[in-house]
Amino acid sequence: MHKIKFGSEDLILDTGKIAKQANGSVTIQYGGSVVLVTVCMSKEAPEGKDYFPLMVEYQEKTYAAGRIPGGFFKREGRPSENEILTSRLIDRPIRPLFPEGLFNEVQIIALVLSSDGENDPDVIAVNGASAALSISDIPFNGPLACCRVGRIEGSFAINPTYAQMDKSDLDLVVVANKKGVVMLESKAKEVSEEVFMDAVKFGFDSLQDIIKFQEELAGELGKPKVKVKYRLVDPVLENRVKELALKKLKDVYKLSKKEEREEGVVLLAKELEEVLTSEGYLPADIKAALGEVEKKQIRKTILEDNIREDGRGFKEIRQIACEVATLPRTHGSAIFTRGQTQSLVVTTLGSGDDEQMIEALEGEKNKSFMLHYNFPPFSVGEVSPMRGAGRREIGHGALAERALLAVMPTKEQFPYTVRAVSEILESNGSSSMATVCAASLSLMDAGVPVKDMVGGVALGLIKEGNKSVILTDIAGVEDHFGDMDFKAAGTTAGITAVQMDLKIDGIDLNLLKDCFAQSREARLFILDKMKAVLDKPRQELSIYAPRIEKIMINTEKIGGVIGPGGKTIKKIIAQTGASIDIQDDGTVLVASNDSAKSAEAIRMIRAITDDVEVGRIYTVKVKRITNFGAFCEIAPGKDGLVHVSELSNTFVKNVEEVVKIGDEIKVKVTGIDEMGRINLSKKKAESNNQEA
């Protein structure tokens, strides 16, 4: 067992006791949270794959928190959104640290075995993955280390607890190695670029001891790295492809549209195959060599000739077009187009019944704002099956959702459940940031009183040796052949979300500082374009959106509104069609598309909760008839008697001549006796013009 102080707790690593058949395994503990991380690699690389097949699976076992899973089967099922996001959190910084040309299948499995409900296991799992790879025989250019940085009352904290994070205006995950920062993932409450950089440096400095700790562990317990067959591009073939194709490749990249360039590269690959297969080369190797020539040419053009593939300057943003209220029957909608990337976001407003209930290790919680991202194949001109949301869709949606959380109103300010859905209609780089922009406009179009408008932009990086170029608003090919995907979103006041992924093994803090400065300049430009279309939330909701009325009732009367087994509230809902949400503090939210139905539901609730007032006129329903009068229901559980003498100004021989069971009549409360019996008068209500 090995341990080191890490923030407020010890980070404890143990290996060699369990899961010994894996290439590498560790149990890693922080506080009362324990994660088992195993790594395995296939003996040989599978044929036909042109990418590194890394698989990362993170699972939270409910027994870790001392609970039994819900549902019919009572066992863990499909991965939750949080499990998918944490799997991505492990994958993204680990992936670029494997040697180039490694095509053996590698699988990382992280199982949460114990959860203390205070410390998030996600950061622990990333450190565990690095440690397991470092001591294994799998080739890996690590280690790296990961921490969470919060800012509580102006002071930075390493790995804050869940309770501490509730008070933090920054939630930043920093992953670093000795060379620099490898990955960033964050949400923030409009934090300035300067504060953000200070937080990154604070996290980076705090991780250096954890990196050294893993190096010492690997030196003591690590296995010799296994020799594998790396699948690298044959330099002879690469030169042959360059000789045959470079001039044509340059001509292809003069084409203005992405789809034309892609088609040109495909045709060029076919021409090369016709020539080079006769020389003994395989089609897959020819394709890989062409990709390498294409990559080097694009990078050379940017670094040496200062020219981007579409002719833009390094800081230049593609043409932007914004449109709101694009759909006639939705509650809010907007289209944001940047170059060949286009997002349609539709906003829907609902009641408290529409909140998402999330069952997490730290306990159940409700979510009243959701942003979902869809990436249909037609957005890139492809044909493929449309199934459920994949990891990429969930990751992009979560990033855009985090970017907007900082400006969303509280439930007290806006008692609606809000769902925004992004449909990517076209994609050529940075569709998640286009989603942020379109979602911000769509929310405002729906009348959601957001604090401010949020814009987002993606930056790229081309780095060779000591020379580097930061590219604003990267297109797809710059993302594909570049070294970085840096996404930053925020308002004019500050940052609300950042996500940075690398394909190289780290960048220094000075280069990262330049990225923040360049992203702010771009974000302010984009926000100006958005504000020219809609600069503040609409004052009125769509006529198709539900209206939510809020009333307060005495908490002692909540039981009366609900009734035995929910009988009373079910009756109100059935009669009015309104949705009713009763909270523990006496807040009652009544939602309906019909204001008259909401008003009727509120009247019925008030009738139950308000004390009966002598002299007030009520609309009541006749429930029972006797020889001496009619018993009427003022509210569920509250009946009063209209004596036969109070039914009419004229003599009444038979009560049923005036009222029948089920009739609704107006009555005046004339008195309440010592036993609580309520006396009513129909004739006095009719002679009085006052209404309740």
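Me: Which residues does Glu292 touch, not counting residues up to four places away in sequence?

Reply: This is a predicted model, in which local features need pLDDT of at least 70, side-chain atom pairs count only at pLDDT 80 or more, and totals for chains, interfaces and linings use all residues. Residues are numbered from 1 along each chain as its sequence is written, and side-chain values use heavy atoms, with hydrogens and water left out. Contact means heavy atoms within 4.5 Å. With residues up to four places away in sequence set aside, Glu292 touches Val233 and Glu238.

Me: How far from Glu292 is the nearest side chain of opposite charge?

Reply: Lys and Arg count as positive, Asp and Glu as negative, and His and the chain ends are not counted. A salt bridge needs a side-chain nitrogen of Lys or Arg within 4 Å of a carboxyl oxygen of Asp or Glu. Glu292 is buried and has no salt bridge; buried means under 20% relative accessible area, exposed over 50%, partly exposed in between (1.4 Å probe, protein chains only). The nearest side chain of opposite charge is Lys296, at 4.1 Å.

Me: Is Lys20 buried or exposed?

Reply: Lys20 lies in the loop between strand E2 (9–14) and strand E3 (24–30); strands (E, at least two residues) and helices (H or I, at least four) are DSSP runs, numbered from the N terminus. The relative accessible area of Lys20 is 62%, so Lys20 is exposed.

Me: How many residues of H2 are buried?

Reply: Helix H2 covers residues 121–135. It is largely enclosed by the rest of the structure, because the number buried is 15 of the 15.

Technical notes:
Expected span 1.5 Å × (residues − 1).
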